[in-house]
Amino acid sequence: AQAMGVGSQLGNDKLSQKWRRCMSREEAKDMMRGVLKDIAKEKGWLLDQDGDDDDGTEGKKKNGGLTVACETVTSRGIDIEY
């Protein structure tokens, strides 16, 4: 696993601690969301608890204002989830 972009140094540190071979797809997605939230907290990018800056979408509110897109490479192609 490899992080890229803003926060990638912190992301790679977190990934080296949490990633392991043979993780299930759901385990990997949960780990990825946790790493992204950790980086967002560290950088001050998460919304406050009441979601004042939320645009009204439940998914963004649940993720602290982050829009998380998960791309998974499978034998059938690339699956994208938001």
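This is a predicted model: local features need pLDDT of at least 70, side-chain atom pairs count only at pLDDT 80 or more; totals for chains, interfaces and linings use all residues.
Residues are numbered from 1 along each chain as its sequence is written, and side-chain values use heavy atoms, with hydrogens and water left out. Local features need pLDDT of at least 70 and side-chain atom pairs count only at pLDDT 80 or more, while totals for chains, interfaces and linings use all residues.

Start with helix α2. Helices (H or I, at least four residues) and strands (E, at least two) are DSSP runs, numbered from the N terminus. Helix α2 covers residues 25-43. Its 19 residues should span 27 Å at 1.5 Å a residue, and its end C-alpha atoms are 27 Å apart, which agrees. The expected span is 1.5 Å times one less than the number of residues. Just after α2, Gly44 takes a positive phi of about 80 degrees.

Which residues of α2 are buried? They are Lys29, Met31, Val35, Ile39 and Ala40. Buried means under 20% relative accessible area, exposed over 50%, and partly exposed in between (1.4 Å probe, protein chains only). The cover over these buried residues includes α1, β1 and β2. Contact here means heavy atoms within 4.5 Å.

Lys29 is a charged residue on that buried list. Its relative accessible area is 6%. What does its side chain meet? One partner is Glu26, in a salt bridge of 3.0 Å, N to O. A salt bridge is a side-chain nitrogen of Lys or Arg within 4 Å of a carboxyl oxygen of Asp or Glu. Lys29 and Glu26 are 3 residues apart in helix α2, so about one helical turn separates them. An α-helix has 3.6 residues a turn, so residues three or four places apart point the same way. Glu26 is partly exposed, at 45% relative accessibility.

Lys29 also forms a salt bridge with Glu81, and here the closest N and O atoms are 2.9 Å apart. This pair links distant parts of the chain: Lys29 sits in helix α2 and Glu81 in strand β2 (residues 77-81), 52 residues apart. Glu81 counts as partly exposed, at 29% relative accessibility. The pairing extends into a network of salt bridges that links Arg25, Glu26, Lys29, Asp79 and Glu81.

Thr72 is buried, with a relative accessible area of 16%.

The whole structure holds 8 salt bridges. One of them joins α2 to α1. Asp38 pairs with Lys14, the closest N and O atoms being 3.8 Å apart. Asp38 lies in helix α2 and Lys14 in helix α1, so the pair ties together parts that are 24 residues apart in sequence. Asp38 is partly exposed, at 22% relative accessibility. Lys14 is partly exposed as well, also at 22%.

Now turn to the loop between α1 and α2, where Cys22 lies. Cys22 has a positive phi of about 65 degrees although it is not a glycine. Is Cys22 buried or exposed? At 81% relative accessibility, Cys22 counts as exposed.

Rolling a probe the size of a water molecule over the atoms shows where empty space is left. On a 1 Å grid over the protein atoms alone, a cavity is a set of points where a 1.4 Å probe fits but cannot get out; a pocket is an open set with protein on both sides within 12 Å along at least five of seven lines. Lining residues have an atom within 4 Å of a point. Grid points are joined across faces, edges and corners, and a volume is the space filled by probe spheres set on the points.

The largest pocket holds about 700 Å³ of space. Of its 28 lining residues, the closest to the centre are Gln2, Ala3, Leu15, Met32 and Leu36. Helix α1 (8-18), helix α2 and strand β1 (70-74) each supply at least two lining residues. The largest share, 9 residues, comes from α2. The lining divides into 18 nonpolar, 7 polar and 3 charged residues. Ala, Val, Leu, Ile, Met, Phe, Trp, Tyr, Cys and Pro count as nonpolar, Asp, Glu, Lys and Arg as charged, and the others, Gly among them, as polar.

Leu36 brings the walk back to helix α2. Leu36 is partly exposed, at 36% relative accessibility. Leu36 touches Leu66 and Val68, not counting residues up to four places away in sequence. Leu36 and Gly11 are 25 residues apart in sequence and 7.4 Å apart in space, C-alpha to C-alpha.
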